[in-house]
Amino acid sequence: MNEFSFAQNFSIIALNTQRSLLLSNEKRVILRCIAAAVILEIYLNNKQDETLTLEKKDLVRSSIEIYQIPVLNAFLGKNETVSHTLPYFLAEVTKLSRKVLKEIEQAFAGSLKEVKAIEEIEALLGCDYLYVSAGITIKEYRSRADLYTRLTESLRAEILEEGEMTEEALLMLWLLRESGCLHDLFSKEELKRVAARSIELFNRHPLAKKLFPIFIHRISEMGIKNFLKLKKEIMSMPTGTGIAFVFPAIERTESVFIDTEEFFPSKETRLHDVKARLESHGHHFSIIRNGAVPLIKVDNTLYEAVPSFINYEVVIHGVRLRRYPLSL
């Protein structure tokens, strides 16, 4: 099995289910965090210095990773050398242009597709009744299932369980917070433990004290509506790090309607039609829970299949796939 770098591991988690042909608000947040992951990766390899130095000559070294090049180019510009603190570089990723973000995506997606760590597939939204009837195809990234599960389960264990946390896990926790991916990995109840763990780290770990007060997401891109709705639930935290734990990116939710052939179908018929639609569009899935509202894992993400209908000239019965707030 390939061993991937810190920045590649984060991108395998973050790019999963992202639209491959569209630079959405959500993906801009993700790509800025991937750029930050490159900076953190360089920091991990040179952390003996308080100041991080990027040099033009690094770009021609054989040890340079192809995916690092657009990030280094963006920070260096016409300069031969750039030296600043880690917080400065991380804050600067918010200024990366759309052009640079697209270059970063191409560099990461290209390198990961080459080793079959991710692939481009038809988006789950393509199973929606409206998209099927209109003949619209949308593409998205799907991370390799065994790799995605290994990475996320390892992170979940290190963050939720007692004991020392590695610096890699601490940095990854910050990246998950800033990218809005925490809600993909942890349930609402588990996020309370994640928040407590973050306060604990902030109070005693120098790197957490340096890193956690830095915010590189933009409220407008993460979903003001959800922020306002969930603001009441924000826990009191002296670190100021609590907000991002409780509001997910608004675009990270999906609600896909799959129609059924029968009026008033039974739960067995509904599930049969959902499975048939997913199979016809090439999605990997497994049934985690049967019953009136099945829980289905589709391409590394959990969805509840809720009986539903839509009103047109006639009522169309079916199932609405709603993203479940925890990937397993």
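## Basis and overall make-up

Residues are numbered from 1 along each chain as its sequence is written, and side-chain values use heavy atoms, with hydrogens and water left out. Since the model is predicted, local features need a pLDDT of at least 70 and side-chain atom pairs count only at pLDDT 80 or more, whereas totals for chains, interfaces and linings use all residues.

The mean pLDDT (the predictor's confidence in each residue, from 0 to 100) is 86 for the chain, and 86% of the residues reach 70 or more. Over residues 224-251 the pLDDT is below 50, and this stretch has 50 contacts in the model beyond near neighbours in sequence, a contact being heavy atoms within 4.5 Å.

The chain holds 15 helices and nine strands, taken as DSSP runs (H or I of at least four residues for helices, E of at least two for strands) and numbered from the N terminus. Of its 328 residues, 55% are buried, where buried means under 20% relative accessible area, exposed over 50% and partly exposed in between, with a 1.4 Å probe and protein chains only. Among contacts between residues at least 6 apart in sequence, 67% join residues at least 24 apart.

## Helix packing

Two packed helices are described by the angle between their axes and the distance between the axes. Axes here are lines fitted to C-alpha atoms, for helices over the stretch in contact, and angles run from 0 to 180 degrees between N-to-C directions. Angles under 35 degrees count as roughly parallel, over 145 as roughly antiparallel, 65 to 115 as roughly perpendicular and the rest as oblique.

The axes of helix 2 (residues 25-45) and helix 5 (residues 98-114) come within 10 Å and cross at roughly 70 degrees, which makes helix 2 roughly perpendicular to helix 5. On the helix 2 side, Lys 27, Arg 28, Leu 31, Arg 32, Ile 34, Ala 35 and Val 38 meet Arg 98, Leu 101, Ile 104, Glu 105 and Phe 108 of helix 5. By class, these residues comprise seven nonpolar, no polar and five charged, with Ala, Val, Leu, Ile, Met, Phe, Trp, Tyr, Cys and Pro counted as nonpolar, Asp, Glu, Lys and Arg as charged, and the others, Gly among them, as polar.

Helix 7 (residues 145-160) and helix 10 (residues 188-204) pack at about 60 degrees with their axes 9 Å apart, and are therefore oblique to each other. Arg 156, Glu 158, Ile 159 and Leu 160 of helix 7 make this contact with Glu 190, Arg 193, Val 194 and Arg 197 of helix 10, giving three nonpolar, no polar and five charged residues.

Ala 36 is placed in helix 2 and, at 0% relative accessibility, counts as buried. Leaving aside neighbours within four places in sequence, Ala 36 is in contact with Leu 90, Val 93, Trp 174, Leu 175 and Ile 216.

## Loop residues

Most residues other than glycine have a negative phi. Lys 116, in the loop between helix 5 and strand 3 (118-122), has a positive phi of about 60 degrees although it is not a glycine, and is exposed at a relative accessible area of 63%. Asn 300, in the loop between strand 7 (295-298) and strand 8 (301-311), has a positive phi near 75 degrees, but counts as buried at 5% relative accessibility.
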